[in-house]
Number of protein chains: 2
Amino acid sequence: MKDFALHPRLRADCHVLGSLAGCELLLNRNASLPWFILVPHTAATELHDLEPELRAVLDRAGDNLARWIKDRLACDKVNVAAIGNLVPQLHLHVVGRRIGDACWPQPVWGHLRAGPAYGAPELAALQSDLTAAVGLVAA
Amino acid sequence: MKDFALHPRLRADCHVLGSLAGCELLLNRNASLPWFILVPHTAATELHDLEPELRAVLDRAGDNLARWIKDRLACDKVNVAAIGNLVPQLHLHVVGRRIGDACWPQPVWGHLRAGPAYGAPELAALQSDLTAAVGLVAA
């Protein structure tokens with residue numbers, strides 16, 4: 001897709017970690033828990049409107065990311081969602097959850113309170129690990 | 001999968017509409033907005049742990065259901081999510097949203113207040129329409 005631009009709300013809320021399988025990989029700035037977001041390059045706003053090839057790519061990227069989150073970040077559960085009520089640009093939340101985390105057992109959306117920020121070394125370590133493990137092309 | 005049994009919490013919260021592509025199709029009893037749930041027959045608890053064939057079946061069933069929700073129920077957006085923090089049995093939420101509905105723009109999880117119940121004729125009409133449109137095998 002030509003002329004792809006990240007939605008300003010996503011840019012404000014997230015760090016851009018880089019590119020994963022052609023999707024933007026974002027990390028919510030709230031470091032209370034590992035909240036990643038995949039943004040495919042498309043004008044579609046619903047999962048069911050994605051071209052099948054891009055849908056398959058997004059699914060695989062989300063699955064690989066979810067496995068990495070669960071294993072590497074020692075999470076008990078991964079929450080996966082395409083919501084988009086506030087930000088129409090299609091984006092897939094892939095959120096690592098731990099029993100007893102900042103809003104367990106509620107989902108993060110509308111429940112997670114403001115939390116700490118990531119430090120630069122922590123972001124760099126995540127990027128490095130994701131590059132080795134799932135093929136992130138770091139920003 | 002042998003010996004499939006719906007989780008008691010899902011059974012308590014939802015109407016069982018029938019079977020869609022081998023998944024159970026549920027409808028949350030809260031009729032404030034159209035909140036469907038697909039439950040594949042699997043012991044996996046994460047999307048990324050589903051066998052590829054079953055994952056593809058679930059994706060297609062969810063997509064067909066989402067299209068039907070958006071078109072037939074005149075929704076502005078569809079929210080799709082696999083969360084599972086409270087109910088470990090893998091289930092995919094497919095929720096029709098309308099601007100200004102009972103908890104717009106918040107997601108339903110943890111935000112939707114108690115609402116009216118479906119009447120029997122309304123449930124029968126939904127089942128009939130889903131049977132014709134997406135191949136539901138009504139319960």
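Residues are numbered from 1 along each chain as its sequence is written, while chains are lettered from A and ligands numbered from 1 in the order in which they are written. In this predicted model, local features need pLDDT of at least 70 and side-chain atom pairs count only at pLDDT 80 or more, whereas totals for chains, interfaces and linings use all residues.

**View 1. Two copies are related by a rotation.**
Let us start with the pair as a whole. Two copies of a chain are related by a rotation about an axis and a shift along it. Here, chain B is superposed on chain A by a rotation of 180° with 0.0 Å of shift along the axis, giving an RMSD of 0.0 Å. That is the relation of a two-fold axis. The superposition is by least squares on the C-alpha atoms of residues with pLDDT of at least 70 in both copies. Which residue of chain B comes closest to the rotation axis? It is Ala81(B), whose C-alpha lies at 2.0 Å.

**View 2. Chain B meets chain A.**
In this view, 25 residues of chain B are in contact with 25 residues of chain A (contact means that the C-beta atoms of two residues, placed from the backbone, lie within 7 Å). On the side of chain B that touches chain A, the elements giving two or more residues are helix H2 (52-72) and strand S4 (77-82) of chain B. Helices (H or I, at least four residues) and strands (E, at least two) are DSSP runs, numbered from the N terminus. The most is given by S4(B), with six residues. By class, this side of chain B has 12 nonpolar, seven polar and six charged residues. Ala, Val, Leu, Ile, Met, Phe, Trp, Tyr, Cys and Pro count as nonpolar, Asp, Glu, Lys and Arg as charged, and the others, Gly among them, as polar.

Two strands pair if DSSP finds at least two bridges between them. Val80(A) has Ala82(B) as its bridge partner in S4(B). Within chain B, four bridges link strand S3 (residues 35-39) to strand S5 (residues 92-97), again antiparallel. There, Ile37(B) has His93(B) as its bridge partner in S5(B).

Axes are lines fitted to C-alpha atoms, for helices over the stretch in contact, and angles run from 0 to 180 degrees between N-to-C directions.

**View 3. Two helices cross in chain A.**
The axes of helix H2 (residues 52-72) and helix H3 (residues 120-134) of chain A come within 11 Å and cross at roughly 120°. H2(A) and H3(A) are therefore oblique to each other (angles under 35 degrees count as roughly parallel, over 145 as roughly antiparallel, 65 to 115 as roughly perpendicular and the rest as oblique). Which residues make the contact? From H2(A) come Asn64(A), Leu65(A), Trp68(A) and Arg72(A), and from H3(A) come Asp129(A), Leu130(A), Ala133(A) and Val134(A). These residues divide into five nonpolar, one polar and two charged.

In chain A, a cis peptide bond joins Trp104(A) and Pro105(A), with omega about 0°. Pro105(A) sits in the loop between S5 and H3 of chain A. In chain B, Trp104(B) and Pro105(B) are joined by a cis peptide bond with omega about -5°. The loop between S5 and H3 of chain B holds Pro105(B).

**View 4. Ala21(A) has a positive phi.**
Ala21(A) is not a glycine, although its phi is positive, at about 55°. Look for Ala21(A) in the loop between S1 and S2 of chain A.
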